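Please look over the model below before reading on.

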Amino acid sequence: MQTDRPAPLRRRLAAALATIRVKILLAFASLCLITGCVSLYAGLGLAGIGQLTIDTFDKSLMSINYARAAAADFAAMEAAFARSRQTRNAGRQHELEDRVATLAQSLQEDLGVAGERAQSAHAIEAAHAVERAAEEWQAVRRRLTSAATTDLADWRLLDAAADMVDQQIDLLVNYTAGDGFRFREHAVATIRTARRLNIAGTCVAFLLSALITWLLARRITRPVAAASAAAAGIARGELDTPIPAGGSDELGALLGAMAVMRDNIRAMMEREVAQRRSAQARLVDAIESSREGVILADGDGRILIANSQATDFFRDLAGLLRPGVLAGELVARAAAQSSRAEPGAASGSHEAEAALALQLGGGMVPTREARLADGRWLRISRSETREGGFVAICSDITVLKQREAELESSNLYLDAALSNMSQGLCLFDAAEQLRVVNRRFCEMYRLPAEPLRPGLPLRRLLEISVAAGNHGEQTASALYHEAASIVSRRETSLQFQELSDGRVVAVAHEPMADGGWVATYEDITERRRSEAQILFLARHDALTDLPNRFLFGERMEQAIAQLGRSSGFAVLCLDLDRFKAVNDTLGHLLGDKLLRQVAERLSACAREVDTVARLGGDEFAVIQVGLERPEAAGELARRLVATISEPYEIDGHHVVVGVSIGVAVAPGDGTSGGTLLKNADMALYRAKADGRGTFRFFEPEMDARLQARRALEGDLRRALEQGQLEPFYQPLIDFRSNRICGFEALLRWRHPERGMVSPAEFVPIAEEIGLIVPIGEWVLRRACADAARWPEPVKVAVNVSPAQFKSPLLVDAVAEALAASGLAAGRLELEITESTLLQDNDATLATLHRLRDLGPRISMDDFGTGYSSLSYLRSFPFDKIKIDQSFVRDLASKPDCAAIVRAITGLGASLGMKTTAEGVETEEQMARLRAEGCTEGQGYLFSRPCPIGDVPGLLERWNGLARVEA
């Protein structure tokens with residue numbers, strides 16, 4: 001026998017569909033489906049847009065960036081190859097060749113990436129063209145590198161190949177940029193279409209959702225209204241409210257449940273009445289056993305309950321403290337007892353009864369305190385009941401009163417301590433009400449003490465402080481929210497508050513266990529000023545108030561960090577010209593004033609966004625930010641040179657200094673602070689070498705020159721130890737006897753690899769690195785030893801550099817050289833340059849007199865090229881004046897030179913000093929010098945400087961000696 005199974009299944013399915021929850025489920029499922037479709041479509045659109053963005057970066061931007069990287073690689077290859085052709089160091093050449101090979105590999109890789117990411121055949125072909133041009137350049141470079149001789153035609157081919165590479169790279173960049181623009185237009189059109197479709201889909205989804213919502217609301221509203229009416233009747237206590245029968249859905253089940261609930265509430269109310277009667281009996285027992293006196297009265301003022309404790313407190317009224325007695329009778333009895341009280345009776349005999357009468361009679365004060373005849377204290381409080389009666393509670397507070405007395409005594413000491421604190425103090429409770437405030441707080445915030453009473457809300461306290469003008473533009477509401485945020489964290493904190501008058505107050509918050517907090521206030525204005533001054537001095541120059549080297553480094557790092565988001569910047573290194581002469585002649589005090597005026601001029605020339613710093617001594621630096629083009633740095637440097645070079649009037653002195661500037665531009669000249677500062681310093685060195693009073697931009701070749709100079713410094717440090725230095729000697733001719741009267745010792749450097757190095761090249765370096773003093777002492781010892789073997793009275797002249805003259809060991813070195821060689825002191829002549837005499841007058845004259853006491857002759861070299869020659873000729877008796885060769889060279893062609901020579905020889909003759917002319921090269925010059933009265937001559941006309949081995953031959957030829965010891 002077969003059973004019909006599909007019919008029950010259909011019935012169950014129909015019943016499920018008739019339920020509200022299924023309908024709601026279907027409605028929300030439909031809404032979710034609509035939302036999902038719209039979201040899926042929007043997500044697909046976003047994915048497509050994201051792919052367009054990725055393609056823009058992976059193809060267009062990457063292709064352009066790698067094309068530009070290829071340009072940078074090729075420029076670096078050219079620079080490296082140029083430096084390899086200039087240097088003579090084989091190791092350096094090999095290193096630069098490796099550098100060219102590495103850059104060539106990088107160029108090939110960059111071109112490969114640029115071609116792979118290119119979006120057009122033109123760009124791909126341009127990348128291949130760059131590779132072919134680069135290979136051609138490499139071939140010409142290899143031919144130049146391997147060739148024994150350099151052919152000018154090969155160099156022209158190399159330049160042509162380089163131009164071709166640059167042209168092809170420019171084409172590659174242009175093609176890739178054009179591809180990127182076309183791709184951008186395509187992406188914009190795609191995004192516009194996707195946006196329109198998204199808007200249309202959203203509108204359709206909104207309409208469908210509204211329709212589904214309307215249908216669902218129509219099905220649920222009517223049954224819900226019936227259920228709501230039944231629930232309102234039950235809520236009003238109408239427990240006989242009829243409840244209609246419901247259907248088979250959830251609302252029908254709800255109506256049935258409400259009928260059950262109505263019946264249950266009716267049963268519960270009946271049980272509650274019985275329980276309340278039982279509770280009243282238990283309440284009477286609890287009141288009777290209480291330690292508090294309790295008097296309960298109804299709405300008519302009749303006593304319902306008065307426990308035994310109340311009768312014990314008020315024994316005189318015990319007969320009236322019983323149920324049914326009106327409270328008015330108690331009030332009358334208490335008043336009668338108070339009127340019959342004898343004068344002088346104990347103060348507390350009827351005080352408690354009077355207080356009770358006031359409370360029972362409905363006194364306005366909810367709580368009263370009174371003392372019994374036996375000395376105990378009662379607190380009597382009255383509370384109204386909901387039925388219109390009242391409850392009077394009498395509590396024994398004797399112990400509490402004793403503690404209050406003790407606390408009051410303690411508070412007196414606490415008040416004295418708080419009033420004499422150096423800090424302000426406020427204590428607030430958990431309700432944000434002021435409980436304690438001391439005098440120092442009122443003084444600190446200049447507030448009157450009268451309004452600041454216990455119980456004052458925190459917000460009101462802040463309003464009073466704001467009204468007193470303590471907080472500038474801040475409102476009391478803002479201050480309150482800030483304080484509430486601090487207090488809510490329930491942790492110790494410290495904030496700093498700046499008042500309108502410039503004072504700074506440190507506010508410390510300390511939470512308490514009961515939810516309140518203690519705030520202490522300390523005026524730290526002076527401490528802050530001291531800290532600010534210390535911080536300022538740590539980051540600024542004390543003399544000029546400009547940023548110092550430390551702050552300058554920070555500003556440079558900030559500028560470097562902004563390179564990727566803004567334009568470049570320039571670093572200018574400045575060094576004052578002739579500042580040392582000002583310091584030496586006019587004193588350090590005036591030099592400091594000059595530095596301050598220079599700092600003011602520098603700051604006036606720079607913008608507010610730029611940084612002007614003093615790095616030390618007479619060295620300054622400027623960071624010029626927002627540099628759109630390198631020429632702007634040149635304009636600033638030119639303005640600085642012109643401004644600084646204008647005369648200064650300081651303490652009645654007319655002072656003129658110049659400035660030399662080196663400029664490095666980021667990011668082209670470096671992307672680190674150390675590199676930029678080093679490159680700017682190299683440019684500054686070049687500006688000084690080119691004549692000072694100008695500016696120079698950094699060039700990569702400067703680094704090569706600096707490396708060469710450092711290599712020369714290293715060789716010079718080893719030259720003295722390895723015996724590469726030697727003195728050459730140039731004869732001095734006596735014009736009257738036409739004989740050699742002496743030789744001037746001139747330092748020469750015979751380098752094993754460089755050959756003979758010019759003194760003009762290595763002597764300034766020796767002066768800068770401090771080697772001139774030991775070298776000068778060595779020349780002095782060697783010259784004295786060589787001259788000791790010459791026939792008398794032939795003398796030797798040795799130059800003393802300014803650095804050597806300032807050395808405290810100079811006099812000892814001269815004495816030791818004379819003693820070690822055995823040379824007579826009169827045969828040694830020390831030549832002091834006129835610039836040396838510009839040092840401290842007293843110290844200079846003291847050193848000259850100490851040298852004179854040893855016996856050598858003292859000669860003034862380069863006379864007429866300094867500032868104060870005549871004053872020194874008057875203050876110190878020199879033995880000889882040497883006329884600078886700049887006057888001798890133009891003696892025949894310029895009358896002014898002849899006049900200067902005539903004046904110098906006449907001055908020497910009148911002072912009893914010999915005169916020696918330097919740089920004599922022609923017979924005409926010698927004749928003119930003799931005619932003007934010059935006593936000695938020196939120059940190529942007589943002999944070039946020669947090694948010690950040639951000296952005997954010169955003496956033989958000029959002095960006619962039969963035998964000369966070498």
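**The second largest pocket**

The second largest pocket holds about 1,100 Å³ of space. Of the 33 residues lining this pocket, Glu744, Leu746, Pro759, Asn799 and Asp861 are the closest to its centre. On a 1 Å grid over the protein atoms alone, a pocket is an open set of points with protein on both sides within 12 Å along at least five of seven lines, a cavity is a set of points where a 1.4 Å probe fits but cannot get out, and lining residues have an atom within 4 Å of a point. Grid points are joined across faces, edges and corners, and a volume is the space filled by probe spheres set on the points.

The model is predicted: local features need pLDDT of at least 70, side-chain atom pairs count only at pLDDT 80 or more, and totals for chains, interfaces and linings use all residues. Residues are numbered from 1 along each chain as its sequence is written, and side-chain values use heavy atoms, with hydrogens and water left out.

At least two residues of the second largest pocket's lining come from each of strand 19 (739-751), helix 21 (759-769), helix 22 (772-787), strand 21 (795-800), helix 23 (802-806) and strand 23 (857-863). Helices (H or I, at least four residues) and strands (E, at least two) are DSSP runs, numbered from the N terminus. The lining has 15 nonpolar, 10 polar and 8 charged residues. Here Ala, Val, Leu, Ile, Met, Phe, Trp, Tyr, Cys and Pro count as nonpolar, Asp, Glu, Lys and Arg as charged, and the others, Gly among them, as polar.

**The cavity**

The structure has 1 cavity of 30 Å³ or more. In the largest cavity there is about 40 Å³ of space. Its lining consists of Ile486, Val487, Arg490, Glu491, His509, Pro511 and Trp517, that is, 4 nonpolar, 1 polar and 2 charged residues. Helix 13 (476-488) and strand 9 (504-511) each provide at least two of the lining residues.

**The backbone**

Two cis peptide bonds can be looked at in turn. One joins Ala666 and Pro667, with omega about 5°; Pro667 sits in the loop between strand 16 (658-666) and helix 19 (673-689). Another joins Glu792 and Pro793, with omega about 0°, and Pro793 is in the loop between helix 22 and strand 21.

Arg446, a residue other than glycine, has a positive phi near 55°. This arginine lies in the loop between helix 11 (439-445) and helix 12 (458-467). For Arg578, phi is also positive, near 65°, and its place is the loop between strand 11 (568-577) and helix 16 (579-586). Arg446 is exposed at 56% relative accessibility, while Arg578 is partly exposed at 47%. Buried means under 20% relative accessible area, exposed over 50%, and partly exposed in between (1.4 Å probe, protein chains only).

**Cysteines and confidence**

How many disulfides does the structure hold? There are 0 disulfides, a disulfide being a pair of cysteine sulfur atoms within 2.5 Å. Cys32 is exposed at 53%, and Cys37 is partly exposed at 48%.

The mean pLDDT (the predictor's confidence in each residue, from 0 to 100) is 81, and 88% of residues reach 70 or more. Over residues 343-349 the pLDDT is below 50, and this stretch has 5 contacts (heavy atoms within 4.5 Å) beyond near neighbours in sequence. Where pLDDT is low, the predicted coordinates should not be read in detail.
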